[in-house]
Amino acid sequence: MEQPNIKPDLSTTTSRNADLFERAQKLIPGGVNSPVRAFKAVGGTPRFIQRAQGAYFWDADGQRYIDYIGSWGPMILGHGHPAVIEAVQKAVLEGFSYGAPTEREVEMAEEIVKLVPSIEMVRLVSSGTEATMSVIRLARGATGRNKIVKFEGCYHGHSDALLVKAGSGLATFGSPTSAGVPAEVVKDTLVLEYNHIAQLEEAFSLHGREIACLMIEPIAGNMNFVRASVPFIKRCRELCTEYDTLLVFDEVMTGFRVALGGAQSVFAQSIPGFKPDLTALGKVIGGGMPMAAFGGTRAVMEHLAPLGGVYQAGTLSGNPIATACGLATLREIQKPGFYDALGARTRSLVTGLTDAAHQAGVPFCGDSEGGMFGFFLLGTLPQNYPQVMKTDGPAFNRFFHAMLDSGVYYAPALYEAGFVSAAHTAEDIDATVDAAARFFASL
Ligand SMILES: *Cc1c(COP(=O)(O)O)cnc(C)c1O
């Protein structure tokens, strides 16, 4: 393994990163094409990435980082996996996009249906936002109901109806979290507290017969890493069944990331026969290319056009290069022992960081499932968004920058999960833990 190069933080001196950020800010709002990349929460200069290989990427100044975001989840094999590169190179020569069906779309559907038992039919789209937005329309169209339930701290992409936070009381519906979202558009979105069974029961007893779907991140990766409890998911399933509400698992992040069958397969270990009605997938299924999907029971999926009355479409949906990349990725992750090794490596990171912090007397806790992890500068693991909010933001920001200066790239915001790939070695984990230990000791 190459040694991580420990260079001073260049953000305050002249650097290619700083030059690029200056140029970018003149023409691109905030200098970035997705807000979290701007380092607004942690401060400093975003790194402009030039290339990546395996568990590493390199910025415009030639600094190497151990990459724990993996494009926010998709790069489960690490960067530049030879089988994926080969599949993509071959596909590129055959054409970029046709606007007509292809064999690879059929193969992709067959793989998804094989790996995720709750999915009987599937449609491919180009982003997670499209998948969850289309699921909401489908659920409303299939049930003839308008209301939807979501949970505070869960992110389901940036479509209007889902950019909403809890209102002042349970009987009131949510309020928009973004300018430009009219209150009327979110008036049917009920926002509840994650893992709060009594509140869930109350919401269903008040509105159950009007709720088209309940959408949840089964392991929430958009408030760092918070698991839904088994009793909570069990109650979600029971209430949805009782009220003919569709249970939607947003597995855009967790699908093929926490286990081959997604988070739903993890819950099925504790809740026999457990299945959601609909599932949104993204991130890993594209292997780094723009691709996502949603699927579920045949009875519900047949409401989609051209079979049924729920309209949904996409010029680049099922793109031939994206499906080639996704299929090659899905084939690699099905190799025997893949998730055992990935899970063990990820756990070793969380354990290493936790031990290092505790040795220095720093409150710290973490959790992981498969190749997804989270950690908190807190004594105990949070169960919901208000508890996540208790994390010491400035302390996280100091940790983030200390790690960055040591060549370790974590998500630049404390509300984000982290990702380990199959390319991360025990040496990478050791180097990461050593860097963290130096930081904790300095506190
Ligand atoms: C990333 C994410 C989305 C949105 O996906 P995009 O591809 O960014 O539009 C939706 N839901 C969850 C759980 C996600 O993690």
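How far from an oxygen atom of the ligand does a polar side-chain atom of K283 lie? The gap is 2.6 Å. Keep in mind that this is a predicted model. Here's a quick tour, starting with the ligand and moving on to the aromatic rings.

**Around the ligand**

- Let's start with the neighbours: S127, G128, T129, Y155, H156, G157, E217, N222, D250, V252, M253 and K283 surround the ligand.
- D250 brings a polar side-chain atom to 2.7 Å from a nitrogen atom of the ligand.
- With Y155 it's the backbone that takes part: one of its polar backbone atoms is 3.3 Å from a ligand nitrogen atom.
- On its own the ligand has 380 Å² of accessible area, and the protein covers 82% of that.

**Pairs of aromatic rings**

- There are 27 aromatic pairs in the count.
- Take F39 and Y409: their ring centres are 6.3 Å apart and their planes meet at 45°, so this pair counts as tilted.
- F39 sits in the loop between α1 (16-27) and β1 (49-53), while Y409 belongs to strand β17 (residues 408-409), so the pair ties together parts that lie 370 residues apart in sequence.
- Both partners are tucked away: F39 is buried, with a relative accessible area of 1%, and Y409 is buried too, at 6%.
- Now for F399 and F440, whose ring centres are 5.6 Å apart with planes at 10°, so this pair is stacked.
- Here two helices are joined: F399 is in helix α13 (residues 393-405) and F440 in helix α14 (residues 426-442), so the link spans parts 41 residues apart in sequence.
- F399 and F440 are buried as well.

**A cluster of rings**

- Which residues do ring pairs link into a cluster? They are Y68, F364, F373, F375, F399, Y410, F439 and F440.
- That means the stacked partners F399 and F440 turn up again as members of this cluster.

**Charges over rings**

- R51 places its charged end over the ring of W58, 4.0 Å from the ring centre.
- R64 does something of the kind with Y56, lying over its face at 3.8 Å from the centre of the ring.

How values were computed. Residues numbered from 1 in each chain as written. Predicted model: local features only at pLDDT ≥ 70, side-chain atom pairs only at ≥ 80, totals over all residues. Heavy atoms only, no water. Near = heavy atom within 4 Å. Polar contact = N/O pair within 3.5 Å; in protein donor to acceptor, adjacent residues only side chain to side chain. Areas by Shrake-Rupley, 256 points an atom, 1.4 Å probe, with all protein chains shown as cover. Phe/Tyr/Trp six-rings, centres within 6.5 Å; stacked < 30°, edge-to-face > 60°. Helix = DSSP H or I, 4+ residues; strand = E, 2+ residues; numbered from the N terminus. Buried < 20%, exposed > 50% of the residue type's maximum accessible area, 1.4 Å probe, protein only. Lys NZ or Arg CZ within 6 Å of the ring centre and 35° of its normal.
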